[in-house]
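Me: I'm new to this structure and would like to learn how to read it. Could you walk me through it, one feature at a time?

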Amino acid sequence: MPVSTPEPPQIDTGKAHPARVYDWLLGGKDNYPVDEAVGEKLPPQARDAARQNRRFMNRAAAWLAGRGVDQFLDIGTGIPTEPNLHRIVQGVVPTAKVVYTDNDPIVLRHAETLLISGPEGTTDYVQADVRRPGEIIEHARGVLDFDRPIALSLIALMHFVPDDQDPFGIVGELLAALPSGSHLVLSHAASDLHAELAQQVTAEYARAGIRLGFRTREEVARFFDGLDLVEPGLVTAPEWFRTPPAPSPEDSGIYAGVARLR
């Protein structure tokens with residue numbers, strides 16, 4: 001699997017990173033005491049949210065692959081956790097191609113061993129930041145065919161991009177590069193479903209130097225402007241499914257949706 005990075009990765013173990021906190025919330029071992037310290041101060045619902053995000057990604061990716069989508073650009077990949085996106089989609093379409101992107105060097109360390117494609121497909125990894133979408137698209141063009149539909153996956157990522165960093169412009173630039181028939185798969189923490197919990201999570205991350213931008217349903221819906229939302233629309237993560245059986249009902253502070261580019 002090709003791996004692209006401008007220089008040898010330097011992992012800062014003295015500062016928490018969202019990918020490693022997320023790994024801790026999922027019960028992973030690829031994190032450091034500084035990440036665990038953040039996770040332990042978060043409410044129990046944060047673990048539920050991490051699990052809900054992961055399951056939503058699994059359902060959405062499998063459904064898209066079942067409809068013939070065989071190219072995926074996954075930004076904010078996080079530390080690999082089975083099943084990884086390529087395992088899901090290549091289990092349906094063995095020739096599927098997946099480009100993974102993250103800005104945490106520890107993800108790169110694991111990419112070389114865990115993000116290995118099936119024999120008929122392709123996986124690729126680039127260390128990059130979503131705040132520089134042009135760099136990501138430029139790299140992805142070397143792997144994916146931008147004349148055919150691509151699924152852009154932004155799972156639990158854009159709430160780490162506050163409003164002053166132009167989150168809607170970033171997503172708009174990424175979508176503008178994709179051809180008609182592509183899809184956006186996005187989940188995002190809500191500020192209006194459980195406001196007190198959202199404020200608590202935001203405050204704990206802020207103490208660790210990580211800025212968050214949780215958003216209302218109306219604000220999250222802006223990421224899908226001009227796209228055709230797939231049923232059931234923009235709902236909470238446990239509510240989104242296309243193939244029965246339906247997930248078990250549960251409370252959630254995460255919005256999720258899939259939409260098609262016209």
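Me: How many cavities of 30 Å³ or more does the structure hold?

Reply: First the idea: on a 1 Å grid over the protein atoms alone, a cavity is a set of points where a 1.4 Å probe fits but cannot get out. Points are joined across faces, edges and corners, and the volume is the space filled by probe spheres set on them. Here there is one cavity of 30 Å³ or more, and the volume of the largest cavity is about 40 Å³. Keep in mind that this is a predicted model, where local features need pLDDT of at least 70, side-chain atom pairs count only at pLDDT 80 or more, and totals for chains, interfaces and linings use all residues. Residues are numbered from 1 along each chain as its sequence is written, and side-chain values use heavy atoms, with hydrogens and water left out.

Me: Which residues line the largest cavity?

Reply: A lining residue has an atom within 4 Å of a cavity point. In this model the lining consists of Met57, Ala60, Ala61, Phe72, Leu85, Ala151, Ser153, Ile155 and Val185. Helix H3 (45-66) and strand E5 (151-155) each supply at least two of the lining residues. Those labels come from DSSP runs numbered from the N terminus: helices are H or I with at least four residues, strands are E with at least two.

Me: And what is the lining like by class?

Reply: Ala, Val, Leu, Ile, Met, Phe, Trp, Tyr, Cys and Pro count as nonpolar, Asp, Glu, Lys and Arg as charged, and the others, Gly among them, as polar. On that scheme the lining has eight nonpolar residues, one polar and no charged.

Me: Next, helix packing. At what angle do H3 and H4 cross?

Reply: Axes are lines fitted to C-alpha atoms, for helices over the stretch in contact, and angles run from 0 to 180 degrees between N-to-C directions. The axes of H3 and H4 cross at roughly 30° and come within 8 Å. Angles under 35 degrees count as roughly parallel, over 145 as roughly antiparallel, 65 to 115 as roughly perpendicular and the rest as oblique. H3 and H4 are therefore roughly parallel.

Me: Which residues make that contact?

Reply: Contact means heavy atoms within 4.5 Å. H3 brings Met57, Asn58, Ala61, Ala62, Ala65 and Gly66, while H4 brings Leu85, Ile88, Val89 and Val92. Sorted by class, that is eight nonpolar, two polar and no charged residues.

Me: What about H1 and H3, at what angle do they pack?

Reply: About 95°, with axes 9 Å apart. That makes H1 roughly perpendicular to H3. Tyr22, Trp24 and Leu25 of H1 meet Ala46, Arg47, Ala50, Asn53 and Arg54 of H3. This contact has five nonpolar, one polar and two charged residues.

Me: And how do H1 and H2 pack?

Reply: H1 (residues 18-25) and H2 (residues 33-41) pack at about 60°, their axes 9 Å apart. The two are therefore oblique to each other. From H1 come Arg20, Val21 and Trp24, and from H2 come Asp35, Glu36, Val38, Gly39 and Glu40. By class, there are three nonpolar, one polar and four charged residues in the contact of H1 with H2.

Me: Last, the backbone. Which residues does a cis peptide bond join?

Reply: One joins Glu82 and Pro83, with omega about -5°. Pro83 sits in the loop between strand E2 (71-75) and helix H4 (85-92). Another cis bond runs from Glu231 to Pro232, with omega near 10°.

Terms used
On a 1 Å grid over the protein atoms alone, a cavity is a set of points where a 1.4 Å probe fits but cannot get out, and a pocket is an open set with protein on both sides within 12 Å along at least five of seven lines; lining residues have an atom within 4 Å of a point.
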